[in-house]
Amino acid sequence: MASFLPSSSLSFLLMSLMLVTISTTVVAKVVYRPSPWHLAHATFYGDETASETMGGACGYGNLFSNGYGTDTAALSSTLFNNGYACGTCYQIKCYGTSACFGNVEFTTVTATNLCPPNWSEDSNAGGWCNPPRTHFDMAKPAFMKIAQWKAGIVPVMYRRVPCMRSGGLRFSFQGNGYWLLVYVMNVGGGGDIASMWVKGSRSGWIKMSHNWGASYQAFATLKGQALSFRLTSYTSKETIIAWNVAPSSWNVGLTYNSNTNFH
């Protein structure tokens with residue numbers, strides 16, 4: 001003869017199964033994947049010291065002390081995307097010319113600057129960064145990894161790749177107690193930021209506006225509050241929160257490290 005569970009026991013069993021299912025659910029991290037290869041051209045600027053690459057339109061300042069080194073490039077405006085491409089990473093390989101180094105597969109660079117249009121020059125004779133050209137103006141040490149520098153300009157293949165960063169996001173503060181300007185550095189994964197919010201220890205989340213390059217700003221009175229940040233990747237759309245990045249005693253002119261990053 002068939003036996004049946006009392007309704008109370010059946011409800012308990014179903015609830016237990018639901019709890020087991022919920023407790024074993026794993027939320028996968030968003031991982032940025034490389035893009036297909038595309039065609040472009042590359043030149044270089046500055047000398048072997050890469051001193052002329054310091055600063056730049058992205059606002060990263062000293063590229064050596066901020067972890068970017070000499071493996072950097074300025075992007076034509078077609079790629080720069082009004083600064084949203086700051087921090088993105090690319091594999092670049094020379095091809096189709098005797099100036100290429102045959103024993104080098106590619107080099108990897110980070111976008112740290114804008115290569116502006118030069119409308120006084122033809123796009124095929126000096127105006128290399130004129131829209132709609134896709135162009136990389138590389139730091140000279142990076143260019144010299146893939147081709148002979150005397151070539152000046154070479155055809156390349158490139159693709160977006162994940163930015164492999166050590167440690168968490170870094171936040172460099174400018175502004176004052178009523179206007180906070182933040183440069184975001186050491187961004188992993190897609191390397192880019194689409195939107196950003198700040199939260200003081202005595203406030204809710206405040207939407208920040210994109211200033212330029214890798215900087216975001218908030219017109220709010222945040223002095224004397226510990227600060228947290230919420231960021232969304234431009235490419236992957238993943239959102240992460242860096243809690244308690246800066247203490248209540250924070251000051252402009254300083255950089256604060258977090259233990260959170262994109263992948």
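Threonine 72 is buried, with a relative accessible area of 0% (buried denotes under 20% relative accessible area, exposed over 50%, and partly exposed the range in between, with a 1.4 Å probe and protein chains only). This residue belongs to strand β2, residues 72-76 (helices, H or I of at least four residues, and strands, E of at least two, are DSSP runs numbered from the N terminus). Beyond its neighbours within four places in sequence, threonine 72 is in contact with Thr53, Leu63, Val109, Thr110, Thr112, Met138, Ala139 and Ala142 (contact denotes heavy atoms within 4.5 Å). The structure is a predicted model, in which local features need pLDDT of at least 70 and side-chain atom pairs count only at pLDDT 80 or more, whereas totals for chains, interfaces and linings use all residues. Residues are numbered from 1 along each chain as its sequence is written, and side-chain values use heavy atoms, with hydrogens and water left out.

The protein chain as a whole comprises three helices and 14 strands. Of its 263 residues, 44% are buried. Among contacts between residues at least 6 apart in sequence, 69% join residues at least 24 apart. The chain exposes about 13200 Å², of which carbon and sulfur atoms supply 57% (areas were computed by the Shrake-Rupley method with a 1.4 Å probe, and for residues only the protein chains shown count as cover).

An open sheet is formed by eight strands in the order β13-β12-β9-β10-β11-β8-β7-β14, with antiparallel pairing (two strands pair if DSSP finds at least two bridges between them). Strands β13 (239-246) and β14 stand at the edges with a single partner strand each, so one side of each is left without a neighbour in the sheet. On average, and with direction ignored, neighbouring strands of this sheet are turned by 30° against each other (axes are lines fitted to C-alpha atoms, for helices over the stretch in contact, and angles run from 0 to 180 degrees between N-to-C directions). Strands of a sheet pair through backbone hydrogen bonds, in either a parallel or an antiparallel sense. Strand β12 (residues 227-232) pairs with β13 in the antiparallel sense over five bridges; leucine 231 has isoleucine 240 of β13 as its bridge partner.

Aromatic side chains form 14 pairs in the structure (rings of Phe, Tyr and Trp, the last by its six-membered ring, pair if their centres lie within 6.5 Å; planes under 30 degrees apart count as stacked, over 60 as edge-to-face and the rest as tilted). One of these is the edge-to-face pair of phenylalanine 44 and tryptophan 149, at 6.4 Å centre to centre with 80° between the planes. This pair links distant parts of the chain, 105 residues apart: phenylalanine 44 lies in strand β1 (residues 38-45), and tryptophan 149 in the loop between α3 (140-143) and β6 (154-161). Phenylalanine 44 is partly exposed, with a relative accessible area of 22%, and tryptophan 149 is partly exposed at 38%. The rings of phenylalanine 173 and tyrosine 256 have centres 4.9 Å apart and planes at 45°, so this pair is tilted. Phenylalanine 173 lies in strand β7 (residues 170-175) and tyrosine 256 in strand β14 (residues 255-257), so the pair ties together parts 83 residues apart in sequence. Phenylalanine 173 is buried at 0% relative accessible area, and tyrosine 256 is also buried, at 12%. Both residues belong to one aromatic cluster formed by Phe171, Phe173, Phe229, Trp250 and Tyr256.

Lysine side chains also lie over aromatic rings. Lysine 140 is placed over the face of tryptophan 149, at 4.0 Å from the ring centre (a charge sits over a ring if NZ of Lys or CZ of Arg is within 6 Å of the ring centre and within 35 degrees of the ring normal). Lysine 237 lies over the face of tyrosine 234, at 5.1 Å from the ring centre.

Backbone geometry was also examined. Most residues other than glycine have a negative phi, and most peptide bonds are trans. Lysine 237, in the loop between β12 and β13, has a positive phi near 70° and is exposed at 55% relative accessibility. Asparagine 244, in strand β13, has a positive phi of about 50° and is exposed at 59% relative accessibility. The peptide bond from proline 131 to proline 132 is cis, with omega near 5°; proline 132 is found in the loop between β4 (107-115) and β5 (135-139).
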